Amino acid sequence: MFDPEIPSQVYPWQQQVWQTLTSRFPLLGHGLLFYGKPGCGKESFAQHFLSWVLCLHKQSNGPCGECASCQWIKSDTHPNYVHISTDEENKKQNAKIKIEKIRDLLPFVQQTGEGWRVVVIEPAEALNMASANALLKTLEEPGERVVIILLADHYLKLPATIRSRLQHFALDRLSSGQLQEYLQQHLQDVSAERLQLLSQLANQMPLRAIELAQSEWIQQRQDFIQDWQKLVQQKNQPMTLSSKWTKLLNFTDFIQMFEYLLCDLICVKLQQNIKNIDLDFSVLQSQYSLEILFELYAEMQQGKRFVEQNVQTNLILDQLFIKLMNV
């Protein structure tokens, strides 16, 4: 599926990979793995590259944008492009790509005809053992002029048999200078200290940092830390605080904030570097053992799974806040 919300482009830190791919084409292998941390822009890169491969009037920096192929891509009706992902109605955390989707690829990759054909599979980590084995056969016996692109955050989560049949391209390799330059261009009114914080929280990935800068919970971390301290010290009113935060943030944003803070609290206990460099965890770290913190982390992950099963989010937060009291 061509996603109009994802820009089709090559970011500055991906220029070398772009030059390598386009200069070798059409002598590339048919199996490519594009990988990198969330927020590196690998989806945009893949969209740009697949459009270029299918383009009838290729240019050095990308597709022409005007030929019949480019118009088909824009309208998501290209007959020579197949996108495979988890089911639209099943976008759960641990959803898998079903074997039937991979088997259905066989006629497409083995057909003969005009032009190139492109398959994009993402997230590649969602391949289960059965679908990975089915893909293996496709990678071993593709038709002519076929490019199969896998997108992954963590390529080591793919089976070794799949990895060995792909050319690997890292799309998240950028210098601190490139990161700072990009963030300064797109977050012009943000202080240097704030940029450093966003970079830390985003694992040094620029698009993720920009996304976090626009999130509601960034401004509310300090308030939550104070409520958390009050809860664990006074050992009362968990439901009141749970209700307060249910109203302030939606469940996804709250859990994202809490996960960052909890992981940092664990890091403090382990004397490791933290991401929320502007917050003080000294009061909280004295209140919990590592064992309890890991239990909280497991409880939070279980809460995410419960939401997928349509359990009410306010009940999940009530339980979490009771656990946070550490009675």
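## Basis

The model is predicted, so local features need pLDDT of at least 70 and side-chain atom pairs count only at pLDDT 80 or more, while totals for chains, interfaces and linings use all residues. Residues are numbered from 1 along each chain as its sequence is written, and side-chain values use heavy atoms, with hydrogens and water left out.

Helices (H or I, at least four residues) and strands (E, at least two) are DSSP runs, numbered from the N terminus.

## The sheet

An open sheet is formed by 5 strands in the order β2-β3-β4-β1-β5, with parallel pairing; two strands pair if DSSP finds at least two bridges between them. β2 (81-84) and β5 (167-170) stand at the edges, each with a single partner strand, so one side of each has no neighbour in the sheet. Neighbouring strands are turned by 20° against each other on average, direction ignored.

Strand β1 (residues 31-35) pairs with β4 (residues 146-152) in the parallel sense over 5 bridges. G31 has I148 of β4 as its bridge partner. Helix α1 (residues 15-24) packs on the sheet and touches β1 and β5, its direction making about 150° with that of β5. Contact means heavy atoms within 4.5 Å. Axes are lines fitted to C-alpha atoms, for helices over the stretch in contact, and angles run from 0 to 180 degrees between N-to-C directions. Helix α2 (residues 42-54) also packs on the sheet, touching β1, β2, β3 (117-121) and β4, and its direction makes about 175° with that of β4.

## Residue K37

K37 lies in the loop between β1 and α2. K37 is partly exposed, with a relative accessible area of 37%; buried means under 20%, exposed over 50%, and partly exposed in between (1.4 Å probe, protein chains only). Not counting residues up to four places away in sequence, K37 touches K42, D153, D172, N203 and M205.

## Helices α8 and α10

Helix α8 (residues 176-186) packs against α10 (residues 206-213) at an angle of about 35°, with the axes 10 Å apart. The contact is made by L179, Y182, L183 and H186 of α8 and by P206, L207, A209 and I210 of α10.

## Helix α11

The buried residues of α11 (residues 221-234) are R221, F224, I225, D227, W228, Q229, L231 and V232. Their cover includes α9 (192-201), α12 (238-248), α13 (251-269), α14 (282-285) and α16 (313-324). After α11 comes K235, whose phi is positive, near 55°.

Technical notes: The expected span of a helix is 1.5 Å times one less than its number of residues.
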